[in-house]
Amino acid sequence: MRNRMFELCTGTFVASVALMPLAFRASAENHVDNDAKYALYETYGNDDLGVNLTPSGDAILKMWAPTAEKVTLRIYDEARGGTPVIEIPMTKGDGGTWSALLSPAPMGKYYTYSVYTDGKWLQETPGIWAKAVGVNGSRGAIIDLKDTNPDGWETDKGPAIKNVNDAVIYEVHHRDFSMHPSSGIVNKGKFLAMTENGTKSPKEDATGIDHLKELGVTHVHILPSYDFNSVDESQLPSNQYNWGYDPQNYNAPEGSYSTNPANPGTRITEMKQMIKALHDAGIGVVMDVVYNHTAQNDDSNFSLTVPGYFYRHRPDGTYSDASGCGNETASERKMMGDFIVNSVKHWAKEYHIDGFRFDLMAIHDTETMNRVATELKAINPDIFIYGEGWTAGDSPLPPERRALKENVSKMNGIAVFSDDIRDAIKGHYSDAADRGFATGKPGLEETVKIGIVASTAHPQVDYAKGNNSKFAYASAPTQIINYVSCHDDLTLTDKLRKSMPDATDAERKRAAKLAQTIVFTSQGTPFLFAGEEIFRDKKGVHNSYKSPDSINAIDWNLKGLNKDQFSYYKELIALRKAHPAFRMTTADDVARHIRFDKSEPNLISYSLVDHANGDEWKEIKVIFNGRDTDTETKIPKGDWLVICRDGEISHTGLKDANGKNMTVRGGKVTVPHRSALILAKEK
Ligand code: CA
């Protein structure tokens, strides 16, 4: 049952669930009933739940369980097994809390709570506020977080960015990044992998953090790195793989990514070391967070603390399941909303995390997401937040309250993934053979244009002709994340192999370059799945959430084999970073500075005009030819620098055989098949 749920849980989700008024009305009634019941629960407003160490050397453990009649605190020497060395009743306090004072603080020991409610004792749990846990996360650990800081942590800082669309995001799983023998990395599959400098593939290409620096990405987006359920941390030699969308302890790192899961401080220190190494390299860290569901239902830490409260239910009392994983959390309830807010604040403050990616964000309500944004930006105005603006199934939460992409204009400082541009460029995610604009399928031009203007209103974009969303849902381009692929579904390479079965890889690489050129020149924030810059594949496996390393690990030999691909991506990133025209911040600017020419099937042409967003270039002409034939088109007269042509790109302009700048004079130009042509007019 759970495996089936995970199959659903880890796939890509539909853009927006069709609204079902009748079903919705029925569930809404229950929603009201539950809310009425839960509204009577006492709530607690302070952020001191969990372990508090006092200056005098005591520990105060505090938890919220308003329906508990009794709570027992147990202290153990071991992270698992053994018998408690202390077992004491906790004292009921204000706001539904329970606390216990331990003097002196039992440093290095483990703890659990056990709640007595409704006539029975619930299983032991570390609660939901544990910031350090033992192996496999079944007990909390009493440690001083200050002892986990690496050298220089006090002055550690992520990169400053003015706007989210100045970022270039690189999505990576810890094991994918370093497990392959060709990585040359010592700490394979660990947080520490990203701290190793000077690592090389057998072909002498830079790997690891040096590769990231060479490529020029500004932010690494790490797949779930909080403590998750699926990997047995006591059996690490067995090389288990999981994406980690099965949260167990939200406020502690995953143990299998540390060199010693048995020491609760090690995973914390090593994750901080990773973050510091990236920060020292000028790279920010975005964390993938999954507050929308838990790995378990009745046995989750939420359920063992306050049964029912943290989840939504159907009229028959069963768990509603907008996550496709067996349950969904209830962010609209005060203590769940507070939990999310306090949890991201913990990661931002204690770990210096620079951004958050919310899984199935539309399961959360817009109000909570707005609180998340406000509170995070108060800690660091450069922190940014984005998420999947959809759910995986229907929810009792009314659609108008969901943090859907269609509601993004109600969420300040939050961005959503554009599945519009994703599927228009490469073809539909769920149909492997389906082609997109970049692979020669006509009729998707308007949807690509919706992507180019970052789903903002533009006089030359007809949303009625869009394939996906039918209105300009973003109020600013900073609200959109553009991508063609991510950890979900086929990698771009595999998608191209399945949808262009008769083509050569050389042809597919052209298509990949064109696809990413559309992403990286569009307004909004570009997002790249790790390894696509070296034409990485996953052997055709679309839902590789628990596939072995042989499927998931990036083979760094590909960097040597696909040098041309790598340098193209690198220059594409450099072009975007050098030219603010691709990074406009207001819908007005986008409407004013982008002029489209009339589209033809698989041909889109537009100009960024009048020094858009303060760009040094007066005009930039961008033409995409998704056809498998060369195409002639007309451009205005003038002196145009050639920036990108026929699968080659240089952010300072392509050079001819004599080392001179390549130029064209306007009039008729040829756009080679399946490629982008980018021209720049300096004045
Ligand atoms: Ca774990």
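Ser 650 has its place in the loop between E25 and strand E26 (663-664); helices (H or I, at least four residues) and strands (E, at least two) are DSSP runs, numbered from the N terminus. The model is predicted, so local features need pLDDT of at least 70 and side-chain atom pairs count only at pLDDT 80 or more, while totals for chains, interfaces and linings use all residues. Residues are numbered from 1 along each chain as its sequence is written, and side-chain values use heavy atoms, with hydrogens and water left out.

Ser 650 is buried, with a relative accessible area of 15%; buried means under 20% relative accessible area, exposed over 50%, and partly exposed in between (1.4 Å probe, protein chains only). Not counting residues up to four places away in sequence, Ser 650 touches Glu 571 and Ile 643, where contact means heavy atoms within 4.5 Å. Ile 649 is found in strand E25 (residues 648-649) and is likewise buried, at a relative accessible area of 10%. With neighbours within four places in sequence left aside, the contacts of Ile 649 are Tyr 568, Glu 571, Leu 572, Leu 575, Ile 643, Cys 644 and Leu 654. Of these, Leu 575 is 74 residues from Ile 649 in sequence, and the C-alpha to C-alpha separation is 8.9 Å.

Helix H14 (563-578) is one of the helices against which the buried residues of H10 pack, together with helix H8 (419-426) and helix H11 (505-521). Six of the eight residues of helix H10 (residues 492-499) are buried, so H10 is largely enclosed by the rest of the structure. The buried residues are Leu 492, Thr 493, Asp 494, Lys 495, Leu 496 and Ser 499.

H14 also packs with helix H4 (residues 208-215), at an angle of about 55 degrees and with the axes 9 Å apart. Axes are lines fitted to C-alpha atoms, for helices over the stretch in contact, and angles run from 0 to 180 degrees between N-to-C directions. H4 and H14 are therefore oblique to each other; angles under 35 degrees count as roughly parallel, over 145 as roughly antiparallel, 65 to 115 as roughly perpendicular and the rest as oblique. His 211, Glu 214 and Leu 215 of H4 make the contact with Phe 566, Tyr 569, Lys 570 and Ile 573 of H14. The residues of this contact divide into four nonpolar, one polar and two charged. In this division Ala, Val, Leu, Ile, Met, Phe, Trp, Tyr, Cys and Pro count as nonpolar, Asp, Glu, Lys and Arg as charged, and the others, Gly among them, as polar.

For helix H5 (residues 264-280) and helix H6 (residues 334-351), the axes come within 11 Å and cross at roughly 70 degrees. Ile 268, Met 271, Lys 272 and Ile 275 in H5 meet Trp 347, Glu 350 and Tyr 351 in H6. The residues of the contact of H5 with H6 comprise five nonpolar, no polar and two charged.

Strand E19 (residues 525-529) is mostly covered, five of its five residues being buried. Thr 525, Phe 527 and Phe 529 lie on one side of E19 and Pro 526 and Leu 528 on the other, and both faces are covered. Strand E10 (residues 169-172) runs parallel to E19 and is joined to it by three bridges; two strands pair if DSSP finds at least two bridges between them. Ile 169 stands opposite Phe 527 in E19. Strand E18 (residues 480-482) pairs with E19 in the parallel sense over two bridges, and the bridge partner of Ile 481 in E19 is Thr 525.

An open sheet of four strands has the order E1-E2-E6-E5, with antiparallel pairing. Strand E1 (50-53) and strand E5 (91-92) stand at the edges with a single partner strand each, so one side of each is left without a neighbour in the sheet. E5 pairs with strand E6 (residues 97-102) in the antiparallel sense over two bridges, and Thr 91 stands opposite Ser 99 in E6.

The calcium ion has as protein donors Asp 227 (OD), Phe 228 (O), Glu 233 (OE) and Glu 254 (OE), which lie 2.2 to 2.4 Å from the ion. Donors are N, O and S atoms within 2.8 Å of the metal (3.2 Å for Na, K and Ca); water is not among the atoms, so sites may look incomplete. Along the chain, the donors follow the spacing D-F-x4-E-x20-E. Asp 227 counts as buried at 0% relative accessibility, and Glu 233 counts as buried at 4%.
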